[in-house]
There are 2 protein chains.
Amino acid sequence: MSENIQIRLKNRPENAPVAQDFEVFHGQIPVAGAGEVLCRSLYLSLDPYMRGQISGRHISGAIHPGDTMRGETISEIVTSDHPDFKMGDVVMHQGGWQVYSLAEAAELTLVDHRIEPVSLALGIMGMPGLTAYAGMLYLAELKAGDRLVVSAASGAVGSMVGQIARILGCEVIGIAGTDEKCRWLVEEAGFSHCINYKKHDLRGRIEKYCPEGIDVYFDNVGGETLEVVMGQLALGARVVLCGLMAQYNTDVVPAGPNPATIIRARATVRGLVVYDHFDKKQEFLNKVLPWVEQGLIKYREDVTEGLENAPDAFVRLMTGKNFGKTIIKI
Amino acid sequence: MSENIQIRLKNRPENAPVAQDFEVFHGQIPVAGAGEVLCRSLYLSLDPYMRGQISGRHISGAIHPGDTMRGETISEIVTSDHPDFKMGDVVMHQGGWQVYSLAEAAELTLVDHRIEPVSLALGIMGMPGLTAYAGMLYLAELKAGDRLVVSAASGAVGSMVGQIARILGCEVIGIAGTDEKCRWLVEEAGFSHCINYKKHDLRGRIEKYCPEGIDVYFDNVGGETLEVVMGQLALGARVVLCGLMAQYNTDVVPAGPNPATIIRARATVRGLVVYDHFDKKQEFLNKVLPWVEQGLIKYREDVTEGLENAPDAFVRLMTGKNFGKTIIKI
């Protein structure tokens, strides 16, 4: 490839994004300056938080029309003017939605050689996996025997939340949006139950699966699902709020559950942002990689080939049509 | 007094209660059976949670039309058929809105002789005080230097929350509904600031008094106040949800703050019900009574004479027209 390709934001969508909200740019491959490293991306991670960046509401900052989309990539080093990195090294960094990118050495991390396939470093062994790990080990005060519910359960974060909790002795109930996702979660990922919220009465199913209430809820969606679940917390429940899928696609900020639900259950509700937990990355890898190697943890990747197809893949992700960690193979 | 007087619920109000929702009954003084104790109430506590009982929404159970209103009283023992209690003992119990009541010994507690005046056992040295103590010492993870905001700040719970926090080294900002209440909180109770939310822009004042955000919020009201405050939490904030004044007077259950407010602040939100903390009562008395004796804690009582006037006093309480702990002197 002798040119660079970038995907830029064209329009700020008001609701769910469409492919036409993005445009493809062709340009020259950048030239590394003193101390810089030129990277060629192999895999790009697409994540729901990007919708928040487009709206200007994400804590990591806004993306404006005309800007190249940001995102985490796994890249191979093409040229390096820094002693810590050499041509051919595989690194993780914020390469963005483009083929070539320049980086300072401080922005690059070598991918742990134990991660195989390497794309897992963007998913269950990367930021989404660390999110789940921090939530389960540090925020949820998990106890064996807890009944845990997780929404967006077949996603990278959700499927790891459920499987880590299962390994730690919990009974896990997932919430997902298709029968196929539910089937995979129960048959492959070892969830006790999974509720297809588009098809079944969420409230009634939770009552059935958690007759004594929910001990731990890990929320990736907010909105109506959060409200229904909060009405069914057990005494002393713990709730980890992590994602807001239900409101990323709208500029109208919806309300949340009534505070009475928290008082009644004497619940503890905590907000989780993975940036606070980067210091636990080695601990996470050391603990969870063996589980993956032993086959205790299953994963799904939703891989699309070609950077030009990233807008379509992002649209599918934001409308729940993906299945597993959404990755672009460049 | 040779007859008993009771106040019963007549109608379930839809909005704020009016005195006509209650009626006065005159009847005979009950006669104590084997092992029972006959009590004559001296003071009756009126509390916002009673509005929830009337609606059938409080965790302690419902009060139906025709039922005598329930409530905590300080009573003198008239006759006793139990060895642990004798005539003239002053006890605390659920005497209800009536002059005479029968009780089992197990339902009675002798009032700690250090509590002076004895009516404080219904207020700052009783359940409201214990509520504040448990919230501050066990739920709020208080640190010296924290900036704490408390709503319904001049009430029994709110004024104790603020003063305990102040004694423990926090800067305290109250939210109350009249200038008179605000003045008392700043000039007498040692709050740093108090915001009259009916007169001033709550959001703007909090920004001014907490330019780096709120570290701890103790909520007695829910509704719009909760929503405004949740938008201004500092990183790592702790929120104790305790009361729902804004929704007691309505059958429409309002929504709560958007979950993004909790995620953004990495906040910890906990529900507080004082019933869980009765085991800390002695610890509370031993720690806080000296503060009261040393004049470190100020209090206000809003005393109405005569049980017949309890409905009027309750109406004033539920419309924020009381000032301090609402007590009926019988």
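**A helix pair and the chain contact**

Modeller: Let's start in chain B, where Gly129(B), Leu130(B) and Tyr133(B) of α2(B) meet Lys281(B), Phe284(B) and Val288(B) of α9(B). "Meet" here is a contact, with C-beta atoms, placed from the backbone, within 7 Å. By class, that contact has four nonpolar, one polar and one charged residues (Ala, Val, Leu, Ile, Met, Phe, Trp, Tyr, Cys and Pro count as nonpolar, Asp, Glu, Lys and Arg as charged, the others, Gly among them, as polar). This is a predicted model, where local features need pLDDT of at least 70 and side-chain atom pairs 80 or more, while totals for chains, interfaces and linings use all residues. Residues are numbered from 1 along each chain as its sequence is written, with chains lettered from A and ligands numbered from 1 in the order in which they are written.

Helices α2 (127–139) and α9 (281–293) of chain B pack at about 90°, their axes 10 Å apart. Axes are lines fitted to C-alpha atoms, for helices over the stretch in contact, and angles run from 0 to 180 degrees between N-to-C directions. The two helices are therefore roughly perpendicular (65 to 115 degrees). Helices are DSSP runs of H or I, at least four residues, and strands runs of E, at least two, numbered from the N terminus.

Now the chain contact: chain B and chain A put in 26 residues each. On chain B's side, α8(B) gives the most, with six residues. That side has 17 nonpolar, five polar and four charged residues. Strand β13 (268–271) of chain A pairs with β13(B) in the antiparallel sense over three bridges (pairing takes at least two DSSP bridges). There, Arg270(A) has Thr268(B) as its bridge partner.

Methods: Angles under 35 degrees count as roughly parallel, over 145 as roughly antiparallel, 65 to 115 as roughly perpendicular and the rest as oblique. Two residues are in contact if their C-beta atoms, placed from the backbone, lie within 7 Å.
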